[in-house]
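Thanks for asking me to look over this one. My notes follow as numbered points, for you to read beside the structure.

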Amino acid sequence: AALYTYTPHLHGNRLLWSIWNRWFGDGTSGLRFPDGTLIRNEITGAVGLIQGGRFRTILNQSVLESRFNAASIVDLNEYEFAGLRETIPGRPVRFADLSLVRTEDGTTYLLVGSSKRRIASDEAFAKIGFNPEEVEDVKAEDVEDYANGEDVTLDAPYPLGELLQNSQTGGVYYAEGDVKRPLLDRAVLAANFAGRPIAPATPAALAKLTTGEPILFNDGALVKAPGDPSVFVISGGKKRPIPTEDVFLMFGYRWSNVLTASLRMLSLHETGEPLAIEAAPSEPSPTIPIP
């Protein structure tokens with residue numbers, strides 16, 4: 001009780017709690033981070049991703065920068081970071097965005113975001129301008145975490161995925177293959193495509209593409225509605241309410257990373273279970289006797 005009450009430094013309570021849980025609990029920090037959370041060791045700079053309830057080490061900086069929005073990263077001390085890495089280990093995240101891989105059966109895939117897109121033919125491979133020396137031989141299990149996307153064919157005008165802006169209306173779309181998906185809010189652009197260039201497109205060119213479902217927020221995004229202090233974290237495609245400021249801070253979130261999105265945009269995400277601290281100790285009363 002004395003150690004928990006005496007907190008002369010930032011996150012002192014959480015540090016004691018995490019060490020206690022690691023040694024005398026189930027070995028973890030007691031925090032169950034939602035899917036999509038990027039976690040960084042504040043000492044070494046190592047980064048991991050929580051996905052499917054597992055801690056997946058991100059192997060290098062190029063993978064981090066090409067696939068994720070590092071602005072939303074959560075810093076943990078070495079004890080908490082090691083606890084997650086050791087108790088819920090998952091397959092490392094090893095491929096940068098737009099990597100080319102070939103599995104044992106000779107199938108070549110283009111890895112785009114969280115999808116693997118089969119390259120349908122040698123002609124399609126050559127037309128896009130890929131270099132055969134860039135293809136990495138892997139096992140099928142190495143890419144089983146990727147969802148199957150549309151094949152890359154000769155007919156696909158945007159095989160690598162591209163942001164397009166209607167030169168007349170200003171509307172922005174993400175085009176992949178022959179499908180364009182609208183971005184209904186600037187917050188989605190900031191969360192999912194930070195730093196990506198946007199190319200102008202005429203209404204006639206956009207009309208040739210099939211219109212798909214709107215782009216949703218990626219897992220891990222922190223969002224709120226205008227004029228409403230309630231904050232949500234996107235996890236598994238759902239928006240999970242963060243019930244209190246204490247819970248928000250306990251998970252290491254930063255207010256500067258919260259994006260404001262329209263009610264229309266937020267309504268596209270089903271509401272999930274509130275984010276909670278499992279087995280968290282209550283803030284002790286000042287009257288608790290100290291041994």
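1. The accessible surface of the protein comes to about 15800 Å², and carbon and sulfur atoms hold 52% of that area. Please keep in mind that this is a predicted model. Of the 291 residues in the protein, 40% are buried.

2. On the overall make-up, the protein has nine helices and 18 strands. Among contacts with a separation of 6 or more, 67% are between residues 24 or more positions apart.

3. Next, the aromatic rings. The protein has seven aromatic pairs, counting rings whose centres lie within 6.5 Å. One of them joins Phe33 and Phe251: the ring centres are 5.3 Å apart and the planes stand at 90°, so this pair is edge-to-face. The two residues come from distant parts of the chain, 218 residues apart. Phe33 lies in the loop between helix H2 (12-24) and strand E1 (38-41), while Phe251 lies in the loop between helix H8 (245-250) and strand E18 (258-260). Both Phe33 and Phe251 are buried.

4. Phe251 also pairs with Tyr253, and here the geometry is stacked because the planes are at 10°, with the ring centres 6.0 Å apart. How buried are these two residues? Phe251 has 0% relative accessibility and therefore counts as buried. Tyr253, at 7% relative accessibility, counts as buried too, because the cut-off is under 20%.

5. The charged end of Lys180 is placed over the ring of Tyr173, at 5.8 Å from the ring centre.

6. Lastly, a hairpin to look at. In which sense do strands E16 and E17 pair? Strand E16 (residues 231-235) runs antiparallel to strand E17 (residues 238-242), and five bridges connect them. Ser235 is opposite Lys238 in E17. Two residues lie between the strands of this hairpin, and Gly236, in the turn, has a positive phi of about 60°.

Technical notes: Residues numbered from 1 in each chain as written. Predicted model: local features only at pLDDT ≥ 70, side-chain atom pairs only at ≥ 80, totals over all residues. Heavy atoms only, no water. Pairing = 2+ DSSP bridges. Helix = DSSP H or I, 4+ residues; strand = E, 2+ residues; numbered from the N terminus. Buried < 20%, exposed > 50% of the residue type's maximum accessible area, 1.4 Å probe, protein only. Contact = heavy atoms within 4.5 Å. Areas by Shrake-Rupley, 256 points an atom, 1.4 Å probe, with all protein chains shown as cover. Phe/Tyr/Trp six-rings, centres within 6.5 Å; stacked < 30°, edge-to-face > 60°. Lys NZ or Arg CZ within 6 Å of the ring centre and 35° of its normal.
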